[in-house]
Amino acid sequence: MHSLPHDHTGARIKRLRLQYGLTQKALSDLSGIPYSTLTKTEQGRIATTPYVIACVARALRVEPATVSGQPYADELRADALDVLILPIREALDVYDLGPDPDITPRPWQLLHADAEELLVHVRAGRLKQAASSVAGLIQEVTTAAHLTQSTDGWRTLASTYRTAYDVATKLGYGDLAAIALSRMDWAAAHASDAVVGGMYRYMRALTYLRSGQYRTGARLVQTGLQVLEQADPGRERDAVTGQLHLGAAVLAGRAKHTHAADEHLTEAARFADRTGEAVKVHWLAFGPTNVAVHRVSVLAELDQYDEAAQAGRGLTIPQDWPASRCSHHYAELARAQMWDGDLAGAFASLLKARKTAPQQAKYHPTVRETYQGLEAAKRALPDSFLSYGTWLGA
């Protein structure tokens with residue numbers, strides 16, 4: 001079930017609840033969401049949080065995307081992005097077929113450069129460019145890796161799978177993202193690369209964050225940390241280790257485990273002190289800034305919106321920080337500001353999210369939920385607020 005014109009997540013929750021023959025009280029009991037929160041969400045009077053979406057999805061035994069309305073089919077079609085998904089799906093399916101006799105791969109130097117360029121496109125928020133090129137590159141690198149059986153070849157293949165995961169996740173295709181992740185793990189195993197193996201577990205843990213399976217996500221983080229112990233010491237290992245702790249902090253925050261979230265943030269800060277701003281190390285943007293940005297997200301997950309908004313306002317983003325990470329941060333800050341009652345500040349942050357990475361912001365669930373929350377507040381907002389909604393398709 002996908003998003004309908006002028007639809008909102010609360011309305012989808014109500015439709016799903018009625019399809020399953022549940023009263024609001026029954027769904028409240030099943031999901032653990034307070035009754036008043038559920039009723040206001042269904043009515044569109046308050047925004048839907050990722051925590052509520054995950055709880056409702058688990059209670060109804062559906063995918064979170066079914067509740068959130070992803071993928072946003074009409075908007076994807078209008079932007080000619082939907083037609084790029086099937087080629088990616090097909091490219092991911094030939095991983096174990098060996099070399100394709102109809103493909104003559106280019107030299108590895110060119111393949112490495114193209115794989116890196118795709119990562120740059122994603123970090124810059126240029127999703128259409130990445131989606132347009134990743135399927136063909138996956139097929140070419142798959143053949144080259146099977147022909148050479150080299151460690152660098154398998155690493156490059158893992159990189160293309162990571163881009164496929166990023167594109168699928170950001171456009172709302174969770175099933176495709178899961179396939180891309182499994183391929184990334186397969187390539188990392190062939191490369192015997194512990195660092196990439198640790199990154200795979202970090203990304204897989206995030207899929208469990210979105211589905212509300214926080215305990216499984218935390219277990220994956222611990223497994224990833226153990227895998228990274230097998231890697232050579234150095235800045236690369238430290239950056240990925242720190243990023244795993246940041247993922248664990250958000251998992252703990254959404255599970256409302258304050259102490260665990262604080263511990264993971266502290267550990268991440270310790271590694272960030274060691275690495276400094278490691279923006280380009282596997283394009284994770286790890287470093288002190290990323291720790292500070294995640295602190296805002298964790299505070300919001302813990303429903304400490306006033307502290308999250310205050311921390312976000314006092315944060316300076318470096319000029320060379322990836323646009324995709326900046327846009328994500330502004331979306332998270334907007335959510336905290338909305339719940340803190342600063343509606344004008346929340347809309348200003350939504351505008352920053354759009355300006356920084358428009359393709360990503362348009363398909364970001366937090367951007368949409370926050371916009372709908374601002375709309376429900378029925379307060380005076382500038383005329384540009386309506387044009388923003390038209391751009392979103394909301």
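Partly exposed, in these legends, describes a residue whose relative accessible area falls between the limits for buried, under 20%, and exposed, over 50%. The model shown in every view is a predicted one.

View 1. Across the fold, the C-alpha atom of aspartate 74 is separated by 8.2 Å from that of glycine 393, although the two residues are 319 residues apart along the chain.

**View 2. Glutamate 75, also placed in helix 6.** Glutamate 75 has a relative accessibility of 10% and therefore counts as buried, the limit for that class being under 20%. When its neighbours within four places in sequence are left aside, glutamate 75 is in contact with Lys362, Tyr363, Arg368, Leu392 and Gly393.

View 3. Glutamine 70 and proline 71 are joined by a cis peptide bond, for which omega is about -10°. Proline 71 itself lies in the loop that runs between helix 5 (64–68) and helix 6, and this proline is one of the residues in contact with leucine 171.

**View 4. Leucine 171 and the largest nonpolar core.** The largest nonpolar core has 83 residues, and those with the most contacts inside it are Ile88, Leu92, Tyr161, Leu171 and Met184. Helix 12 provides the largest share of this core, namely eleven residues. Another core, of 25 residues, lies apart from it and includes Ala285, Tyr330, Trp391 and Leu392. In soluble globular proteins, nonpolar side chains tend to be buried together.

View 5. Of the 25 residues that line the second largest pocket, Arg155, Asp193, Val196, Glu236 and His282 are the closest to its centre. At least two lining residues are supplied by each of helix 8 (108–123), helix 10 (151–171) and helix 12 (194–211), and helix 10 gives the most, with six residues. Sorted by class, the lining comprises eleven nonpolar, six polar and eight charged residues.

**View 6. Histidine 282 and tryptophan 283, in the loop between helix 15 and helix 16.** Helix 15 covers residues 258–275 and helix 16 covers residues 288–301, with histidine 282 placed in the loop between them. Phi of histidine 282 is near 55°, a positive value in a residue other than glycine, and tryptophan 283 likewise has a positive phi of about 55° although it is not a glycine. Histidine 282 counts as partly exposed because its relative accessibility is 22%, whereas tryptophan 283, at 14% relative accessibility, counts as buried. Histidine 282 is also among the lining residues closest to the centre of the second largest pocket.

Definitions and conventions. Residues numbered from 1 in each chain as written. Predicted model: local features only at pLDDT ≥ 70, side-chain atom pairs only at ≥ 80, totals over all residues. Heavy atoms only, no water. 1 Å grid on protein atoms, 1.4 Å probe; cavity = no way out; pocket = protein on both sides within 12 Å on 5 of 7 lines; lining within 4 Å. Helix = DSSP H or I, 4+ residues; strand = E, 2+ residues; numbered from the N terminus. Nonpolar A, V, L, I, M, F, W, Y, C, P; charged D, E, K, R; others polar. Buried < 20%, exposed > 50% of the residue type's maximum accessible area, 1.4 Å probe, protein only. Contact = heavy atoms within 4.5 Å. Core = buried A, V, L, I, M, F, W, Y, C linked by side-chain atoms within 4.5 Å.
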